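Work through the exercises below with the sequence and the model open. Each task is followed by a solution in steps.

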Amino acid sequence: MYAIEPLGVVFPRDGDEAAAVVSTAAEFGVPVLARGAGTSLAGQAVGRAVVMDFSRHMNRILAIDGEARRARVQPGVVQEQLNLAAARHELMFGPDTSTSNRATLGGMIGNNSAGSHSVRYGMTVDHVLSLDVVLSDASPAAFGVLPVAEIAARAARPSLEGTICRELPLLAERNAEAIATGYPRFWRQSGGYRLDRLSGRGGPGGMDLARFLVGSEGTLVTVIAADVALVPAPRHRVIAVGHFTSAEAAIDATGDALACDPAAVELMDRAILELARTKLEYRELSSILSGDPGALLFVTFFGDTEAEAAAGLDRLDALWRRHRHGYHTLRAQAAADQAALIKVRSAGLGLLMAATTGARRPLAFVEDTAVDPAVLGAYTRRFREVLSAHGLSAGFYGHASVGCLHVRPFVDLTEPGQVQTMRAVAEEIRDLVLEFGGVNSSEHGDGLVRSEFNRAVFGDPLYAAMCEVKRLFDPDNRMNPGKITDAPPMTSNLREAARPAGGTYISRIGFPDGMRGAADRCMNIGLCRKSATGVMCPSYMATLDEEHSTRGRAGALVKALSMPDPRAALGDRRLHEILDLCLECKACKSECPLGVDMASLKTEALAAYHDQHGVPLRSRMFGSVRALNRMGSATAPLANLLGGVRPARLLAQRWLGVAAARPLPRFQRQHLARWHARRPANPGAQGDLVFLADSFTSFTEPSVPRAAIELLEAAGWTVRLEAAACCGRASLSKGLVGQARDRAGNLVDRVAGRGPVVGVEPSCLLTLRDEYPAILPGDPRAQAVAAAATLPEELLLQAIADGRLALRPMAGTRILFHGHCHQKAVTGTAATVALLRAIPGAEVTEVDAGCCGMAGSFGFEAEHYDLSMRIGELRLFPAVRAEPAATVIAASGVSCRQQIAHGTGRAARHPLEIVRSALAHGQGTAGRAE
């Protein structure tokens, strides 16, 4: 919601460097701001300061003591990273935010984060044991539970630490009444300074300075290491999903849920559910739910045994039936059944953000209140009345177990009067939550959006004490100033209101809201910073560099497109560097909740860059890969011999930038079209389909399309080979949009109206479905071809279901499948996995290994080769190497198969080749001469 350009960004490697940054900033009289993943929702991580990003280097788990149930971490450690390491000891970190795959421990400490299981585990403050910090004068200190004798010893030191230990107890004593009466009555508090957590530990007169500092948002100290407590990981989990006609009805059922001692009770209303159904990642949810619920309540139970966990579910079901709550309860006891539920439950924020249209966005200005669950129903009804009075709508989701709802009204801050409306609603909700005895900040902190209201929330005496705390720790006001105390108005530094409109840019690719609108869909959620699951974003996973994340690139593009001359700005060489490492994997289109399509944005930006700087020879060469591969096939085996000659490869690297270390494809003289032309016609009862002879397998792996054609013919289809036209995929990847449009138009002319269009290379086939409507806007033939583009696996699965295709057993065969990035992004891999599993006796595992790192020409380019291999080494190569030699490795993309062979020495087969080998005797054309 906020945007402030920093003075600079540094990446400390250790605590000494962090102290040096603080010291240097003091020398120049400028503020400092400590940051983790930058996913804070209230503006804590932005400011006119020197930003210290701890996520790149200070991200190590220093120790885990399983017996003592504690860990020592640096501030850049990601929550999921800690949990994976702690799992080896059957432990975990109790607070679990929905952003666990990118939120850092430093950020969680700064905000006092909680999460869905806080009814069981409390907040971050309840798990911090000690902190190593850098004070505002750059001196180091270690804070934890301090007995009175230790406080006295430190107080005698002539240092800032000594001053703090001397004055803080006196400050607390002077303000004892305000501390006792000024905090909101509800426990789930993350706003303000936690003077209420200062005493009570360390014996009479002792202090717990570590817990006091939790939630201080980097305004008092910079944390450089932390000791945190771990909790036993649940051995068994079950989830009940109650179906209700409205959010209010679901909230009314929360009391019964809490009576059953759950680990979590999470609410999701209809607005979020409808958004989930539109996203590829969550569509399977629709097949799980019963009817059309107005809201869902996810109730989780833990247990040492499955029976113990299920017993909680039984008690809940009985209570809801007795009190007539809801109309259906789904029981998810198996891990596989829970996966889709957990995924969608954790995605509430992202799904709501995906409903953004133009500048009308769901904004986080009243989204962190919490009240006692006993009054949550009445509070929610009053909340809706406030929104309705101002003509606003919102989605409701959150932690019903602790009375915390994340409510984001849709507001367009570029419209006249909307900034004032936002402020009016924020003030009314602040007063409403205080009326109900709740808290204004319950887990996301104060930041820029709520700090202004802290005087009203805590009262003058307690707020004055907090200001005194700030002056004690940070007398020069240089530690993330303007947060918690002495804050600017919440309407200052708003991202939308302050951004210039920018000049006009007419893009070659059709973006519904224009190119800037497409880039500006990014709302900085930071899911592109995850590193252990999914595909997005491979370049960030390998570099841990923010500018090489989808979020970083989107921000750079928005800035360029906001310039008076956006076309000139798109030609900027620095912008080109930022976009350069995008592999165009398309993962952001499906995994980013906002659907930011960075692959298409990069293509358009490259085209604009070429306008000013010309098209490099290598880009022209790769854009014409079909002609090159056809030539290589025609001159094979001579072309293969030449491609293996070291001097020739070194020359190619020097003059064309093609990596000499990367093996070139092996061309086959008997290419697909030549094979197909020699075969007799094989008409089928299912009718005609068009088989797209892609530019890659047709010339280098013709056995793959041959297997597909034989399977399709065995399934009853008449296959018409389209081998004369190129889809334009390679041209698009190099920003040659005009060339790609010409090739798309040619292919559309040839295949429109001729039935389903299939192919074995996902990047080529899915270009028809994904890009053609954007590069041929308004052309009904392009729309028709996009609709006709079909994975052959889908047709073959239907043939098996209809009894037209039979597969023989492959008992004992283990298949490890790696899906193509474009397939994962556009259609998903479910059909391919299901087809492989249709082979009787086959054991099929789909590996979550992200992007292979090859990405078409990217892995061939000399400057990208090392990064390409580094991406492969993140998860894919280790997963393949871990498989026994007998395991069949399957990969649907030609680039993936090349990368696996180069990186692991293991041959990978296309899934359709494996299925073809399982075709029952008497089917297909296996006996034909080739």
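Helices (H or I, at least four residues) and strands (E, at least two) are DSSP runs, numbered from the N terminus. The model is predicted.

**Exercise 1. Backbone exceptions**

Task: Which loop holds E90, and which loop holds I484? Decide for each residue whether it is buried or exposed.

Solution. 

Step 1. E90 sits in the loop that runs between helix 2 (79-86) and strand 6 (91-92).

Step 2. I484, also not a glycine, has a positive phi of about 75 degrees. Its loop lies between helix 20 (460-473) and helix 21 (495-498).

Step 3. Apply the cut-offs: buried is under 20% relative accessible area and exposed is over 50%. E90 has 52% and is therefore exposed. I484 has 0% relative accessibility, so I484 counts as buried.

Step 4. Turn to the peptide bonds. The bond from M536 to C537 is cis, with omega near -5 degrees, and C537 belongs to the loop between helix 22 (514-519) and helix 23. A636 and P637 are also joined by a cis peptide bond, with omega about 5 degrees. P637 is in the loop between helix 30 (625-634) and helix 31 (638-643).

**Exercise 2. Helix 16 against helix 17**

Task: Describe how helix 16 packs on helix 17, giving the angle and the axis distance, and state which residues meet.

Solution. 

Step 1. Two packed helices are described by the angle between their axes and the distance between the axes. For helix 16 (residues 376-389) and helix 17, the angle is about 160 degrees and the axes are 10 Å apart.

Step 2. An angle over 145 degrees counts as roughly antiparallel, so helix 16 is roughly antiparallel to helix 17.

Step 3. The handedness of this crossing is right-handed.

Step 4. From helix 16, the residues Y379, R382, F383, V386 and L387 take part; they meet V425, E428, I429, L432, V433 and E435 of helix 17. By class, the contact of helix 16 with helix 17 has 8 nonpolar residues, no polar ones and 3 charged.

Step 5. For the spacing of such positions, recall that an α-helix has 3.6 residues a turn, so residues three or four places apart point the same way.

**Exercise 3. Helix 24 against helix 26**

Task: Repeat the analysis for helix 24 and helix 26: at what angle do the axes cross, and is the crossing left-handed or right-handed?

Solution. 

Step 1. Helix 24 (residues 550-561) and helix 26 (residues 573-580) have axes that come within 10 Å and cross at roughly 155 degrees. Helix 24 is therefore roughly antiparallel to helix 26.

Step 2. The crossing of helix 24 past helix 26 is left-handed.

Step 3. R553, A556, L557 and A560 in helix 24 are in contact with L575, I578 and L579 in helix 26. The residues of this contact comprise 6 nonpolar, no polar and 1 charged.

**Exercise 4. Cores and buried positions**

Task: How many residues are in the largest nonpolar core, and which helix gives it the largest share?

Solution. 

Step 1. The largest nonpolar core has 183 residues, and L195, F212, F365 and F473 have the most contacts inside it. Helix 17 supplies the largest share of this core, 7 residues.

Step 2. Take F365 from that set. Beyond neighbours within four places in sequence, F365 is in contact with M1, P409, V411, M422, V425, A426, V449 and M490.

Step 3. A second, separate core has 38 residues, including F691, V704, L796 and L919.

Step 4. Check T421, a residue of helix 17 (residues 418-435). T421 counts as buried because its relative accessibility is 17%. Apart from neighbours within four places in sequence, T421 contacts H390 and L392.

Step 5. Compare T700, in helix 34 (residues 697-700). With 10% relative accessibility, T700 also counts as buried. T700 touches P665, R666, F667 and Q668, residues up to four places away in sequence being left out. The C-alpha atoms of T700 and F365 are separated by 56 Å, and the two residues are 335 residues apart along the chain.

Key: Residues numbered from 1 in each chain as written. Predicted model: local features only at pLDDT ≥ 70, side-chain atom pairs only at ≥ 80, totals over all residues. Heavy atoms only, no water. Axes fitted to C-alpha atoms, helices over the stretch in contact; angles between N-to-C directions. Parallel < 35°, antiparallel > 145°, perpendicular 65-115°, else oblique. Left-handed = near helix turned anticlockwise from the far one by under 90°. Contact = heavy atoms within 4.5 Å. Nonpolar A, V, L, I, M, F, W, Y, C, P; charged D, E, K, R; others polar. Buried < 20%, exposed > 50% of the residue type's maximum accessible area, 1.4 Å probe, protein only. Core = buried A, V, L, I, M, F, W, Y, C linked by side-chain atoms within 4.5 Å.
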